[in-house]
Structures are given as structure tokens and as C-alpha cells.
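Please examine the sequence and the three-dimensional model shown below.

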Amino acid sequence: MDLRLDKKILYSNIKIISFNTMALALVYIGAIYLMINKNDLLEDSIIFIGEQLISPIGIAMFVRTALIEDEYGVSEMVYSKIYPYWRIILYRIVITSIQLSLVLSIIFLPLKIAGADFHITNILFGSYTTALYLGVIGMILGYITKEISIGILVPFLYYFFEAFSKGKFTKGLYLFGMSMGNYISKIKLFSIAIIATIVFLFIIKKEI
């Protein structure tokens with residue numbers, strides 16, 4: 001492994017990945033901040049904010065991860081390079097995951113510092129997991145269909161289905177399990193997202 005080359009690839013992908021989505025996510029969070037009463041927030045309200053209001057950000061942040069080359073029409077040139085394409089996608093996933101963590105921290109840490117009474121670690125992890133899970137679904141479907149619209153639409157439909165069905169059909173894999181005190185579901189969803197990502201990278205490795 002050429003560490004210098006890996007470092008260059010990592011830095012290049014930091015530049016390539018659009019920070020516009022993160023900026024829009026921060027604007028969205030700012031709008032939520034303006035709407036909520038920060039002086040009288042209960043833990044249930046904070047769970048609702050993180051799990052249901054913030055989680056769709058994951059879809060927007062992850063959906064383009066494996067589609068950038070196709071968008072700009074440089075896929076053939078990139079796929080023909082010696083450097084493995086699956087590792088490029090891995091770097092993008094890591095970068096986007098860090099961005100997502102920062103976005104969530106920006107909304108929850110100030111609330112905790114301001115004196116809101118909630119378990120920040122649980123809520124951060126739970127909200128992150130929901131956003132990541134939806135984002136991974138969007139990323140994989142977007143890559144398979146080569147359509148950003150499909151990568152966005154399907155996880156959003158899944159999100160609304162879960163919101164209205166209240167976990168009637170998904171049970172222990174309910175997307176918004178924290179609202180029902182089910183934190184184990186978050187561990188399950190996180191595990192599924194990680195396994196799906198690993199399988200996705202393996203498929204890319206074999207395909208290209």
C-alpha cells in the first residue's frame with residue numbers, strides 16, 4: 001500500500017465531495033433551532049428532533065457518494081485506473097460519515113451545554129444510526145440504478161412508511177425505535193448499515 005498515494009486520494013476526495021449538502025444541512029438545522037423552544041425541551045422532544053426531523057439529512061448526504069463519476073461522465077477513465085475504485089468510495093463514505101457526525105453534534109451539544117436534560121450519547125448514536133441507515137439505502141439504490149432520484153425517493157418513502165406505521169411491520173427494526181425506548185433497534189440498524197456497506201464495497205470491487 002502506497003501511503004502517500006492514499007493520502008493524496010483522501011485529500012482529493014475531501015475536495016471532490018460537495019460541502020454544499022452539509023451547508024444546506026446546517027441551514028436546515030438552523031431553521032429547526034428557530035422553531036423550537038430551547039428553554040423547555042424534554043428528552044422525548046429531543047429524540048423526536050434527532051430521530052425524525054434530522055435523520056433525512058443522511059439521505060441527502062450519502063446518495064451521491066458512488067455517483068460522482070457518472071454525473072461528470074468520467075466513469076470510464078476512473079474505473080480504468082490502477083487505484084481500486086472501491087477504496088475511493090470507502091474514503092467518501094468515511095468523509096461523509098464524519099460530516100454527518102459534525103452536523104448532529106452541532107445541534108445536540110449546544111442543547112446539552114445550555115442545560116437540557118437528556119442522554120446525549122444515546123441520542124447522538126440513535127439519530128446518527130437512523131440517518132446513516134437511510135443514507136446507505138439511498139447510496140446503494142442510487143448506484144444500482146444510476147439515478148439520484150431513485151436513491152432519494154425510496155428511502156424517503158421508507159421513512160414516511162415507518163413514521164405512519166409506527167413500527168407495526170418492522171418491529172425490532174423500527175426506524176424510530178428511540179421514541180419507544182427501544183435502543184437495541186439502533187444497534188441492529190447500525191449493524192445492518194455497516195454490513196450493507198461492506199457488501200456494497202465488495203460488489204464494487206468485484207464489478208470493476
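The model is predicted: local features need pLDDT of at least 70, side-chain atom pairs count only at pLDDT 80 or more, and totals for chains, interfaces and linings use all residues. Residues are numbered from 1 along each chain as its sequence is written, and side-chain values use heavy atoms, with hydrogens and water left out.

A salt bridge is defined here as a side-chain nitrogen of Lys or Arg within 4 Å of a carboxyl oxygen of Asp or Glu. Under this rule the count is 1 salt bridge. The partners are K186 and E51, whose side chains meet at 2.8 Å, N to O. Because K186 belongs to helix 10 (residues 184–207) and E51 to helix 3 (residues 43–54), the pair ties together parts that are 135 residues apart in sequence. Helices (H or I, at least four residues) and strands (E, at least two) are DSSP runs, numbered from the N terminus. K186 is buried, at a relative accessible area of 0%, and E51 is likewise buried at 0%.

Two packed helices are described by the angle between their axes and the distance between the axes. Axes are lines fitted to C-alpha atoms, for helices over the stretch in contact, and angles run from 0 to 180 degrees between N-to-C directions.

Helix 8 (residues 120–145) packs on helix 10 at an angle of about 30°, and the two axes are 9 Å apart. Helix 8 is therefore roughly parallel to helix 10; angles under 35 degrees count as roughly parallel, over 145 as roughly antiparallel, 65 to 115 as roughly perpendicular and the rest as oblique. The crossing of helix 8 with helix 10 is left-handed, a term that applies if the near helix is turned anticlockwise from the far one by less than a right angle, with right-handed used if clockwise. Contact means heavy atoms within 4.5 Å. Residues in this contact include F125, Y133 and Y143 of helix 8, and K186, F190 and E207 of helix 10. By class, the contact of helix 8 with helix 10 comprises 16 nonpolar, 4 polar and 2 charged residues. Ala, Val, Leu, Ile, Met, Phe, Trp, Tyr, Cys and Pro count as nonpolar, Asp, Glu, Lys and Arg as charged, and the others, Gly among them, as polar.

How is helix 7 oriented relative to helix 10? Helix 7 (residues 85–113) and helix 10 pack at an angle of about 150°, with axes 8 Å apart, so helix 7 is roughly antiparallel to helix 10. Helix 7 passes helix 10 in a right-handed crossing. The contact is formed by Y85, W86, I89, L90 and I93 of helix 7 with T197, F200, L201, I204 and K205 of helix 10. Its residues divide into 8 nonpolar, 1 polar and 1 charged.

E207, found in helix 10, is exposed at 52% relative accessible area. The C-alpha atoms of E207 and W86 are 9.7 Å apart, although the residues are 121 apart in sequence.

Finally, two loop residues have positive phi values. K146, in the loop between helix 8 and helix 9 (148–165), has phi near 60° without being a glycine, and is partly exposed at 39%. K166, in the loop between helix 9 and helix 10, has a positive phi of about 60° and is not a glycine; K166 is exposed at 54%.

Note on methods: Buried means under 20% relative accessible area, exposed over 50%, partly exposed in between (1.4 Å probe, protein chains only).
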